[in-house]
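Open the model in your viewer and keep the sequence beside it. The stops below go from rings to strands to surface.

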Amino acid sequence: PAILPWEALVAWPRDRPVAVLNRGEGEDPEPRWTLLTEPASPSVLAPATGPRSPHDAEATAAWLAERLPSGPLASAIAPEPGTPPWATGVVSLLAYELGARLEPAASPPRRAPAPDRPSDAGPARWDAWVADATWSVVFDHRRERWHRMGDVPPWIERILAGGHADPRDDPAAFRLGPLHSTTPDERFEAMVARCVELVHAGDLFQANLSRGFEACFEGDPRRLAAATLAAGARFGAFVETSPDEAVLSLSPE
């Protein structure tokens, strides 16, 4: 049987960044496809400072248009049945704060790091991150086979031919501390109550309220990603944006 994507992630060379994307298909609650690639030549849109203006929105839109695919790559072309829904292009991460750059009137205040957080912690150091993905290997979970997309480097074949090892077997690979809300319960409850009032008043039709949770992490982020993505995130991602920063996303939607 083919090596699984989570095993390939753990075996990925430490001196090469990695990006992993999951995609579901149809009614299956599990992902159908998992893509692995090496993001290259990343471009970073640094967080905006000071008041926002229409000029900021124009500059931000121009930055995105220059780096994100356009023309045929951006067209919604249905893949052939049984073939991966991706080929090559770019891997991009867009922060929530990017929305305020495109619509300055919706700009919320940036949240300052909590006093008890490590000095190097805090919000992401970018509002947008875009890297090239000139090749990829895509695993078809339904057929248990790998697809090679683009000019795949030789070292990938050594990984795909490697032995099997469950990435969840090493409990000491990482430690995730307890989660702490960034918004106190009382404040969040007041926000919900205010939304209910606005709905009854006819001023609001729908609202999506959320709050952040934080935890201390020690160990190998790749092992955490492998263990959680292997649990069945229908749409998930793990992207290493720098040697000391990674984004892990787990979504059922």
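Searching the whole structure gives five aromatic pairs (Phe, Tyr or Trp rings, the six-membered one for Trp, with centres within 6.5 Å; planes under 30 degrees apart are stacked, over 60 edge-to-face, the rest tilted). This is a predicted model, where local features need pLDDT of at least 70, side-chain atom pairs count only at pLDDT 80 or more, and totals for chains, interfaces and linings use all residues. Residues are numbered from 1 along each chain as its sequence is written, and side-chain values use heavy atoms, without hydrogens and water.

Select tryptophan 135 and tryptophan 155. Their ring centres are 5.9 Å apart and their planes stand at 85 degrees, so the pair is edge-to-face. Tryptophan 135 belongs to strand β6 (residues 135-140) and tryptophan 155 to helix α4 (residues 154-160), so the pair ties together parts 20 residues apart in sequence. Strands (E, at least two residues) and helices (H or I, at least four) are DSSP runs, numbered from the N terminus. Is tryptophan 135 buried or exposed? Tryptophan 135 is buried, at 6% relative accessible area (buried is under 20%, exposed over 50%, partly exposed in between, with a 1.4 Å probe and protein chains only).

Next, select phenylalanine 139 and tryptophan 146. This aromatic pair is tilted, with 5.0 Å centre to centre and 55 degrees between the planes. Phenylalanine 139 is buried, with a relative accessible area of 1%.

Now show the strands. Six of them form an open sheet in the order β7-β6-β2-β1-β12-β13, with antiparallel pairing (two strands pair if DSSP finds at least two bridges between them).

Finish at valine 196, in helix α5 (residues 185-200). Valine 196 is partly exposed, at 40% relative accessible area.
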